[in-house]
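Dear colleague,

Please find below the structure that I am handing over to you. The findings follow after it.

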Amino acid sequence: MKIKLVIPKMPVSLNRLYSLHWSKRHRILQEWIDEIWIALKKDGVRVDKPFKKAKVRIKYYFGDRRRRDKENYAPKAIVDALRYNGVIEDDSIEHIDLDWEILRGRPTRTEIEVEEIKEK
């Protein structure tokens, strides 16, 4: 099974995130949990049980031409939100194969692909 979600917003950079009070960081995580829940419902995606192992690919489309450091956009909040919404069972390295890239494009958005990895 493969899930593709498009979220019409960008994550906060880690430089900015770590400078915020813990309560604001928590609010940002909750916003991503809500955004992913909304995208799942809007697309009619129903996950009966979380993926035990998954390949997670994230593409950030920024609408401007500024240079960005990939590591500054590590998708922790997104992966946590996938776990909270029951898409993936666990976010440890044994359970997910994670990669993300930074691209240019309009509209500004975050695309998330989650594909279940079948165990042999």
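A pocket, as the word is used here, is an open set of grid points with protein on both sides within 12 Å along at least five of seven lines, and its lining residues are those with an atom within 4 Å of a point. Please bear in mind that this is a predicted model.

I begin with the pockets. The largest pocket has a volume of about 300 Å³, and 16 residues line it. Nearest to the centre of this pocket lie Leu-17, Leu-29, Lys-76, Ala-77 and Asp-80. Three helices, α1 (14–17), α2 (22–42) and α3 (76–84), each contribute at least two residues to the lining. The largest share is that of α2, which provides five residues. By class, the lining of the largest pocket comprises 12 nonpolar residues, one polar residue and three charged residues.

The second largest pocket holds about 200 Å³ of space. It is lined by 14 residues, and those closest to its centre are Lys-49, Pro-50, Phe-51, Lys-52 and Glu-116.

How many cavities of 30 Å³ or more does a search of the whole structure find? The search finds one, and the volume of this largest cavity is about 30 Å³. The residues that line it are Lys-4, Arg-57, Lys-59, Glu-111, Ile-112 and Glu-113. Two strands, β2 (54–62) and β4, each give two or more residues to this lining. The largest share, three residues, comes from β4. The lining of the largest cavity consists of five charged residues and one nonpolar residue, with no polar residue.

Is Arg-109 buried or exposed? Its relative accessible area is 17%, and the cut-off for a buried residue is under 20%; Arg-109 is therefore buried. A polar atom of the Arg-109 side chain lies 2.7 Å from the backbone oxygen of Pro-107. When its neighbours within four places in sequence are left aside, Arg-109 is in contact with Val-6, Ile-7, Pro-8, Lys-9 and Met-10, and also with Lys-59, Tyr-60 and Tyr-61.

With kind regards

Note on methods: Residues numbered from 1 in each chain as written. Predicted model: local features only at pLDDT ≥ 70, side-chain atom pairs only at ≥ 80, totals over all residues. Heavy atoms only, no water. 1 Å grid on protein atoms, 1.4 Å probe; cavity = no way out; pocket = protein on both sides within 12 Å on 5 of 7 lines; lining within 4 Å. Points joined across faces, edges and corners; volume = space filled by probe spheres on them. Helix = DSSP H or I, 4+ residues; strand = E, 2+ residues; numbered from the N terminus. Nonpolar A, V, L, I, M, F, W, Y, C, P; charged D, E, K, R; others polar. Buried < 20%, exposed > 50% of the residue type's maximum accessible area, 1.4 Å probe, protein only. Polar contact = N/O pair within 3.5 Å; in protein donor to acceptor, adjacent residues only side chain to side chain. Contact = heavy atoms within 4.5 Å.
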